[in-house]
Amino acid sequence: MGDLPGEIVKIDITEIGDFDNLHDPRGILKTLQERTAVLYGAEESFYLVNGSTGGILSAVSAAVPQGGHILMARNCHKSAYHAAYLRNLKISYLYPSLLPGYDIYDAVTPRQVEEGLERDSQVSAVLLVSPTYEGRIADVKTIAEIVHKRGIPLIVDEAHGAHLGFSEYFAPNSCSCGADLVIHSVHKTLPALTQSALLHVNGSRIDRDKLRRFLHIYQSSSPSYVLLAGIDDALEIVERKGRELFSEFARQYFQMEERLSQCRCLQWISAKGDGRQDIGKLVISTRKTELSGQDLYDILIQKYNLQLEMAEGSYCLAMFTAADPAEAYERMTAALLEIDSQLAAAYEQKEKRPEETRPPEEHGSLAEYRPPGESGLPENSGGVIPLTRAWDMKAKLIPLEASRGKAAAEFINLFPPGIPILVPGEQISEEAYRRIRLCLEQGLTVQGIVGRGKSYQIKVLDI
């Protein structure tokens, strides 16, 4: 292990004179957080050094009383479930629909939120994700109005949207749309170090003293000044150069999209489409090819040295930000056009031999599990046994093949993105079993499954 860069060592300090204290800011950190609030249009902002995870844990804990009831999107990050577990919350779910033509979940809609609140009148807060991991953006303004009519707060996990609102090419951020609590991962789309994030608060529906209490609980008592300085640096770049950087970012991205329109086999979701797709999230679908998402992911890294964000059954995801140079767009465009050309040529060769012609396989399509337009997530309204009980119950390991009908004892999720396929207490349906099995066969990283090859095991409740 080599020496740490000298500049990092110089700023790796602690709460010494003139450098303030994150848990009781009165000087430089107080000023920086106030400046951040102005930048994002929030009433108050907090620097986070435990990532968006710490922000989500704090937001949920402050917004919902111990033992209370939360209405949340089923595609929330696992940290939201951890908050529900720690606070012994009852969970009701909002089930996002599949985006037609793709195997990704769309953003939660205002109608879904309204119907969810009509079903559960005891809900204390609503939590949704926007943008989603794949870049789908919700109508937060309308949702906030619906939620506020009930007199309760709206929490938005906007971890992948720290750039929103800073350019005409981006959707507005959730602070400006009326959300009460908004969480940003600065490191995901702005030039900051991993684990740096922000939490914003607006309005009077949140007890801010309670929010600070939970920030003290869920964040380190020795916050990294390297991370704090990184947040300040990133936001200063946005203030000074944001307009120029984001304009060039949009130009490069849309130019790439224009060139990729030549593709005949590969498909992607255009940021110029329905106005709900975030710029920079290139979702590349392989549904019309014989490749799986993992196959395409592997080809891009092994042959072209292009590292993508993640792969799923029938698509993979590439992320671009204002930090990417023109070379990154050029290399990605050239690689995808070349791969698409090879796929098209191979298919044309098969057409010349009718006996060998067959439609491309749909690798991991969620349509295998549910009709188009319905959610592929298990709709069991919180599970056979509530999460808050199930995760503490006695469990046992059994072969995956014998798990159908049993209740999961651990979270099962692909990583990335960390969205649960199964939550502790939920029944392992045939649908869920088949999806887990397919993901394993495709070489995807499935957390919560033990073993390899054909000897996979899963932890179930011993009941």
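This is a predicted model: local features need pLDDT of at least 70, side-chain atom pairs count only at pLDDT 80 or more; totals for chains, interfaces and linings use all residues.

**Salt bridges around Arg208**

Tutor: Arg208 and Glu44 form a salt bridge in which the closest N and O atoms are 3.1 Å apart. This pair joins distant parts of the chain, since Arg208 belongs to helix H8 and Glu44 to strand E1, 164 residues apart. Glu44 is buried, its relative accessible area being 18%, and Arg208 is buried as well, at 19%; both values fall under the 20% that sets the limit for a buried residue.

Arg208 also forms a salt bridge with Glu43, and here the closest N and O atoms are 2.4 Å apart. Glu43 is located in the loop between helix H2 (28–40) and strand E1 (44–48), whereas Arg208 is in helix H8 (residues 208–218), so this pair ties together parts that are 165 residues apart in sequence. Glu43 is exposed, with a relative accessible area of 51%, while Arg208 is buried.

These contacts belong to a network of salt bridges that links Glu43, Glu44, Arg208, Asp209 and Arg212. In general, side chains of opposite charge can pair when their charged atoms come close. Across the whole structure, a search finds 26 salt bridges. One of them connects Arg404 with Glu430, with the closest N and O atoms 3.3 Å apart. Arg404 lies in the loop between strand E12 (395–399) and strand E13 (412–414) and Glu430 in helix H13 (residues 430–441), so that pair ties together parts 26 residues apart in sequence. Arg404 is partly exposed, with a relative accessible area of 37%, and Glu430 is partly exposed at 40%.

Conventions: Residues are numbered from 1 along each chain as its sequence is written. Side-chain values use heavy atoms; hydrogens and water are left out. A salt bridge is a side-chain nitrogen of Lys or Arg within 4 Å of a carboxyl oxygen of Asp or Glu. Helices (H or I, at least four residues) and strands (E, at least two) are DSSP runs, numbered from the N terminus. Buried means under 20% relative accessible area, exposed over 50%, partly exposed in between (1.4 Å probe, protein chains only).
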